[in-house]
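Please look over the sequence and the structure before reading on.

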Amino acid sequence: MLARHHDPIVAIATAPGRGAVGIVRVSGKGLSALVQALCGRALKPREATYLPFRDAHGQAIDQGLALYFPGPHSYTGEDVLELQAHGGPVVLQLLLARCLEAGAAPDPATGQPCLPGLRVAQPGEFTERAFLNDKIDLAQAEAIADLIDASTEVAARSASRSLTGAFSAEIHSLRDDLIHLRMLVEATLDFPEEEIDFLRKADARGQLSNLQRVLDGVMQRARQGALLREGIKVVIAGQPNAGKSSLLNALAGAELAIVTPIAGTTRDKVQQTIQIEGVPLHIIDTAGLRDSSDEVERIGIARAWDEIAGADAVLFLHDLERLNAPEYIAADAGIESALAEKLPASIPVIDVWNKLDSAPAAGVSSAPALPGAGAPGKRPGVWLSARTGEGLDGLRRTLLEVAGWQSAPEGIYIARARHVQALQAVGAHLQEAAAQLDAQGPALDLLAEELRLAQNALSTITGEFSSDDLLGVIFSSFCIGK
């Protein structure tokens, strides 16, 4: 542990602003002197006690509930004191300052500071202590932040399942099976004359295949969990007056973007996060794509292309009312070529044929007008009216399909992009291990190394194999007091 991990820490544990109740939390070793200084008496473990919180002169700062949790039976694994006071910012700041003052003041019994080194906690430091003291693993620690940040009910329930250890249990089971296979392979290295027969009799290939099969299932659930947490960025693109702003408003169910018949109304991006079946979708309306002499509009168009380049999916909007206009078709074809040039093949493009209410016949008979747009086996296409809402449900279903979402199973857990990347690394090492095992005259030392690397990649998820830099990145994203 770093030296700072041994310091006692204190912080306001509730969100900034006014509220009915606010909490100040202290964690460290040996809090009894601090408890006496603030509360004027000892506290029974894990029992709420109503009393005044006292300043250095014995005067009451406020009255509230005090709870004392002796370690290791606490959130952090250390002694924890929680002061639940009225939730005014001034009251909480006074209590925080009093804790720091009391920690530095001499204990009447010993003459030493009540709590030497007490300082304000860094973001996420209470949860970091819980991880370092083996109260939770790293995946569970991340699930705490994900539960706080959850933007949908499905995400919150999935984060709760991860917090209870559902995701970690699957990772530990995979790790145990991987360790068993590693032991088998490494044991054969001492008996080179019999190693192949030994591995065959122990069904090493079958064990490895089973590991890959189980990993595929965990990977699928982790991808779904990461989608719940991260969502996808969807950019609406197309020519001016194709109905991009109207589509954003229709999807959001609110008048977010200005809609006029004047071309070039949208000069900058307008963004709104919506949810479909609990999956967050970050929808971005952009400036109409065309050649323009207006300097401000050109800046907006350049920003539109920047957003398109960073999208997870693109809605390419077409105007059904203008499908018979040669100049419109030519401009759409130009956008089509630019999309093909700027976007990698992995980014899905959905052709959206808008204004079905005013040109229904054109929508059925003329679309798609672009080569390959919306054609079977190439790109999905949706016909709709942003004005009336007809076809919007089909677009929502298509967005979930291109995102890779499946109807959430009851047991899905939250996951992060780093978890998916770690599982992909495990899969790559297992694939290489399988190649070594299937080779004529396999190099078992290389096979053992691939299995070791797979185990290390798996252990980064729960934090059994991790760097201080990784921990710093993860816990710095937490709020102070958590």
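Against which strands and which helix do the buried residues of helix 9 pack? They pack against strand 7 (232-238), strand 8 (270-276), strand 9 (279-285), strand 10 (313-319), strand 11 and helix 13 (392-403). Packing here rests on contact, meaning heavy atoms within 4.5 Å. Buried means under 20% relative accessible area, exposed over 50%, and partly exposed in between, with a 1.4 Å probe and protein chains only.

The model is predicted: local features need pLDDT of at least 70, side-chain atom pairs count only at pLDDT 80 or more, and totals for chains, interfaces and linings use all residues. Residues are numbered from 1 along each chain as its sequence is written, and side-chain values use heavy atoms, with hydrogens and water left out.

Helices (H or I, at least four residues) and strands (E, at least two) are DSSP runs, numbered from the N terminus. Helix 9 covers residues 244-252 and is mostly covered, with seven of its nine residues buried. These are Lys-244, Ser-245, Leu-247, Leu-248, Asn-249, Ala-250 and Leu-251. Gly-253, which follows helix 9, has a positive phi near 70°.

Helix 14 has 22 residues (417-438), and at 1.5 Å a residue it should span 32 Å. The expected span is 1.5 Å times one less than the number of residues. The end C-alpha atoms of helix 14 are 32 Å apart, which agrees. Its buried residues include Val-426, Leu-430, Ala-433 and Leu-437. An α-helix has 3.6 residues a turn, so residues three or four places apart point the same way.

An open sheet of six strands has the order 3-4-5-2-1-6, with mixed pairing. Its edge strands are strand 3 (49-54) and strand 6 (119-120), each pairing on one side only. Two strands pair if DSSP finds at least two bridges between them.

| Strands | Sense | Bridges |
|---|---|---|
| Strand 1 (residues 9-12) and strand 6 | parallel | two |
| Strand 2 (residues 19-28) and strand 5 | antiparallel | nine |
| Strand 4 (residues 60-69) and strand 5 | antiparallel | five |

Val-10 stands opposite Val-120 in strand 6, and Ser-27 stands opposite Val-80 in strand 5. Tyr-68 has Leu-81 of strand 5 as its bridge partner.

Strand 5 is largely enclosed by the rest of the structure, because seven of its nine residues are buried. Glu-82 lies in this strand, which covers residues 79-87. Is Glu-82 buried or exposed? Glu-82 is buried, with a relative accessible area of 13%. Its side chain makes a polar contact of 3.0 Å with the side chain of Arg-25. A polar contact is a pair of N or O atoms within 3.5 Å; within protein, one must be able to donate a hydrogen and the other to accept it, and residues adjacent in sequence count only if both atoms are side-chain atoms. Leaving out residues up to four places away in sequence, Glu-82 touches Ile-23, Val-24, Arg-25, Leu-65, Ala-66 and Leu-67.

**Backbone exceptions**

Most residues other than glycine have a negative phi, and most peptide bonds are trans. Gly-71 and Pro-72 are joined by a cis peptide bond, with omega about 5°. Pro-72 sits in the loop between strand 4 and strand 5. Arg-46, not a glycine, has a positive phi of about 60° and lies in the loop between helix 1 (32-39) and strand 3. Lys-355, also not a glycine, has a positive phi of about 75°. Lys-355 is in the loop between strand 11 (349-354) and helix 12 (360-365), and is buried at a relative accessible area of 18%.

**Cysteines**

A disulfide is a covalent bond between the sulfur atoms of two cysteines. Here it is counted as a pair of cysteine sulfur atoms within 2.5 Å, and the count comes to zero. Cys-39 is buried, with a relative accessible area of 5%, and Cys-99 is buried at 0%.

**The whole protein**

The protein has 16 helices and twelve strands. Of its 482 residues, 48% are buried. Among contacts between residues at least 6 apart in sequence, 69% join residues at least 24 apart. The accessible surface comes to about 22500 Å², of which 54% belongs to carbon and sulfur atoms. Accessible areas come from the Shrake-Rupley method with a 1.4 Å probe; for residues, only the protein chains shown count as cover.
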